[in-house]
Amino acid sequence: VRDLSKGQHHATQPDAEARPVRVDDQWNRNPVLRFNGQGEFLRIKGQPLTGQEFTIICVVNDAGAPGHREIISNWSAGNNVGSSLFLGLTADKTVRFSDVFAAAGEITNRKKPFILSAVNHSSGAAVFQSGRPIAARAQPLALRKLGTEWIIGQQGNINGEFWQGGIAEIRLYNQALSPVHRQLV
C-alpha cells in the first residue's frame, strides 16, 4: 500500500498468507483492504509519527468478535510496553487509544464504515467517530515511545489482536489538527 504523503511510509506484507485482500469499488467507490482477523497485517516503513502531538484518522468498519483488535500500533515487547501508541477497539465496541486511554468512548454502528479519529495535544486527548466527540481527557497521553516498528491490522509485534473488517484509509499527522482542519480532512 503506497503512502500518498511525501513521507514514503509505504505499508507492505511480503508473506502472501498474511496479506489483507484489496476489494475495489467498495465504500463510495473506493478500494478497501479487508482484514480477516486471523493473522493479516501490514508493516509500515519508517516512523510515521515523531512527536507527542499528533492526529490519527482512519476510515474503517469492524466485524471482529469482542476483544482487543488494533487498526494501527507500534507496540513492541521489551521496548515500549505501556508506552506504545495504538488505536483500535476492545470489548464489543469500546475504543482504545493506547493503554492510558483504554476506554475512549464507544462506536455506534461499527459494522458500517465510519471515521475514527484520535488527537493528542499539549492540553488533552480526544476521540471522535465521524466527527462526533465520543471521549476526551483533560491531559495528554503520557509520553509515548514512537520509534518502534508500526503495524496496520495487528497489535505491534504481539502476533495477535488482529483487525477484522475493512480499512479504506489511515492518515497520520505530526500535529494536533484543529477541529476545523480535522473536519476538512
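Predicted model: local features only at pLDDT ≥ 70, side-chain atom pairs only at ≥ 80, totals over all residues.
Local features need pLDDT of at least 70, side-chain atom pairs count only at pLDDT 80 or more, and totals for chains, interfaces and linings use all residues. Residues are numbered from 1 along each chain as its sequence is written, and side-chain values use heavy atoms, with hydrogens and water left out.

**The largest pocket**

The largest pocket has a volume of about 1200 Å³. A pocket here is an open set of points on a 1 Å grid over the protein atoms alone, where a 1.4 Å probe fits, with protein on both sides within 12 Å along at least five of seven lines. Grid points are joined across faces, edges and corners, and the volume is the space filled by probe spheres set on the points. Lining residues have an atom within 4 Å of a point.

The lining counts 43 residues. L4, A168, E169, I170 and R171 lie nearest the pocket centre. Elements that give two or more residues are β1 (11-12), β3 (32-36), β4 (42-44), β5 (54-60), β9 (114-121), β13 (164-173) and α1 (179-184). Helices (H or I, at least four residues) and strands (E, at least two) are DSSP runs, numbered from the N terminus. The largest share, seven residues, comes from β13.

By class, the lining has 24 nonpolar, twelve polar and seven charged residues. Ala, Val, Leu, Ile, Met, Phe, Trp, Tyr, Cys and Pro count as nonpolar, Asp, Glu, Lys and Arg as charged, and the others, Gly among them, as polar.

**The largest nonpolar core**

This core has 33 residues. I56, L85, L87, V95, F97 and V127 touch the most other members. β5 gives the most to the core, with four residues. A nonpolar core is a set of buried Ala, Val, Leu, Ile, Met, Phe, Trp, Tyr and Cys residues joined through side-chain atoms within 4.5 Å. In soluble globular proteins, nonpolar side chains tend to be buried together.

L85 has contacts (heavy atoms within 4.5 Å) beyond four places in sequence that include L49, F54, I56, F97 and W150.

**Buried and exposed residues**

Buried means under 20% relative accessible area, exposed over 50%, and partly exposed in between (1.4 Å probe, protein chains only).

| Residue | Relative accessible area | State |
|---|---|---|
| Q13 | 9% | buried |
| N28 | 73% | exposed |
| R29 | 72% | exposed |
| E70 | 0% | buried |
| S117 | 5% | buried |

N28 sits in the loop between β2 (21-23) and β3. R29 is in the loop between β2 and β3. N28 has a positive phi of about 50 degrees, and R29 one of about 65 degrees.

Q13 belongs to the loop between β1 and β2. A polar atom of the Q13 side chain lies 3.1 Å from the backbone nitrogen of D15. Beyond four places in sequence, Q13 touches A18, R19, F41 and L42.

E70 is in strand β6 (residues 69-73). The E70 side chain makes a polar contact with the side chain of R96 at 2.3 Å. Such a contact is a pair of N or O atoms within 3.5 Å; within protein, one must be able to donate a hydrogen and the other to accept it, and residues adjacent in sequence count only if both atoms are side-chain atoms. Other contacts of E70 include F86, L87, G153 and W163. E70 and L184 are 114 residues apart in sequence and 25 Å apart in space, C-alpha to C-alpha.

S117 lies in strand β9. Leaving aside neighbours within four places, S117 is in contact with I56, I57, A126, V127, F128 and R182.
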